[in-house]
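Subject: Handing over a structure, with notes

Dear colleague,

I am passing this structure on to you, and I would be glad if you could look through it with the notes below beside you.

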Amino acid sequence: MKSSARHIIFIIVGIAVALPIIFNIRLGGTVTPETRQVFSNIDSLPPGAVVMVSFDFEASSFAEVRPLADVIVKHAFDKNLRIVALSLFAEGAALGEQLLTKLAQDNGKVYGVDYVYLGFRPQYQAAILAMGESIKTEFPLDYYGDPTIALPLMSDVDTYSEISLITSVADGSMPTFWVEYAVTPHHVKFQSVLTATMATSFYPYLASGQIAGIAAGLKGASEYESLLGRDGAGARGLFAQSVSQFAIVLLIIAGNVIERWRRRRD
């Protein structure tokens, strides 16, 4: 392929991605039962309940999972739920902290009272198991180096029995470990919002009741935003993704037609 042709393709795909975002165009659509269940799991909790949010993703997946993390945290803050957050992936630790801090500031939440960020813990199997015994022992210091025992929110929370719901924002197999080491031994309620490619791996867990809800990819984020009645990155990204994929299909068809015409001509 000539370099000029490649440049034309890049420009077309770039325009296809940019236009829906610039003009804030979005797709309509129905909300799947899976996403509605994730919404209901949070919406049904009483004010003051404690939820745990674990940012279990790497930087390469952030563009896809960020809209999902946004709606989960926003919804929890809207409902005046208290959030204990952490990350079991090193790359997710800083990204999760930035996201949580920004949304907390936007919603006027107070650190230590309305939310706590425990930070990163390696060896995730051991960390999930250990939090079943004592969260404050597993995380003696929070992300900022302050003793967790001194945080007002943590005076009410030490094990999974004080957690009403755990949500893993994931891009891999981490929900499996939450099920094995938190749900099974401690019967804690658990759900996951995750990348679209990973969703099918966890539908058997959803069917068995081991996972209480799944919302996947930009579509899941877009559906959740519609339930919240808000505009967001999920809907914008979903339409941009759809238009760009449609443009790629058209380019493939056009390329084959042109090549066939050239062969006949020669």
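Throughout these notes, a contact means heavy atoms within 4.5 Å. With contact taken in that sense, residues 24 or more positions apart account for 73% of the contacts in the chain with a separation of 6 or more.

Before going further, please note that this is a predicted model, in which local features need pLDDT of at least 70 and side-chain atom pairs count only at pLDDT 80 or more, while totals for chains, interfaces and linings use all residues. Residues are numbered from 1 along each chain as its sequence is written, and side-chain values use heavy atoms, with hydrogens and water left out.

The chain as a whole

The C-alpha trace spans about 80 × 35 × 35 Å along its principal axes, and the secondary structure comes to 10 helices and 6 strands; here helices (H or I, at least four residues) and strands (E, at least two) are DSSP runs, numbered from the N terminus. Of the 266 residues in the chain, 46% are buried, a term that stands for under 20% relative accessible area, with exposed meaning over 50% and partly exposed lying in between (1.4 Å probe, protein chains only). The chain exposes about 12,900 Å², of which carbon and sulfur atoms supply 58%; such areas come from the Shrake-Rupley method with a 1.4 Å probe, and for residues only the protein chains shown count as cover.

The strands

Strand β1 is largely enclosed by the rest of the structure, because 7 of its 7 residues are buried. Val-50, Met-52, Ser-54 and Asp-56 lie on one side of β1, and Val-51, Val-53 and Phe-55 on the other. In a regular strand the side chains alternate between the two faces of the sheet. In β2 (residues 82-87), 6 of 6 residues are buried, with Arg-82, Val-84 and Leu-86 pointing one way and Ile-83, Ala-85 and Ser-87 the other way.

Strands are taken to pair if DSSP finds at least two bridges between them. β1 and β2 run parallel and are joined by 5 bridges; Val-50 stands opposite Arg-82, and Met-52 has Val-84 as its bridge partner. β2 also pairs with β3 in the parallel sense, over 4 bridges, and there Ser-87 is partnered by Phe-120. In β3 (residues 115-120), 5 of the 6 residues are buried.

Val-50, which belongs to β1, is buried, with a relative accessible area of 3%. Leaving aside residues up to four places away in sequence, Val-50 touches Arg-82, Val-84, Leu-153, Val-157, Glu-162, Ile-163, Ser-164 and Leu-165.

The cavity

On a 1 Å grid over the protein atoms alone, a cavity is a set of points where a 1.4 Å probe fits but cannot get out, and lining residues have an atom within 4 Å of a point. Grid points are joined across faces, edges and corners, and a volume is the space filled by probe spheres set on the points. A search of the whole structure finds 1 cavity of 30 Å³ or more, and about 30 Å³ of space lies in the largest cavity.

Its lining consists of Ile-42, Val-51, Met-52, Val-53, Ile-72, Ala-76, Leu-165 and Thr-167. β1 (50-56), α3 (62-78) and β4 (165-170) each supply at least two of the lining residues, and β1 gives the most, with 3 residues. The lining divides into 7 nonpolar residues, 1 polar and no charged, where Ala, Val, Leu, Ile, Met, Phe, Trp, Tyr, Cys and Pro count as nonpolar, Asp, Glu, Lys and Arg as charged, and the others, Gly among them, as polar.

With best wishes

Definitions and conventions. 1 Å grid on protein atoms, 1.4 Å probe; cavity = no way out; pocket = protein on both sides within 12 Å on 5 of 7 lines; lining within 4 Å.
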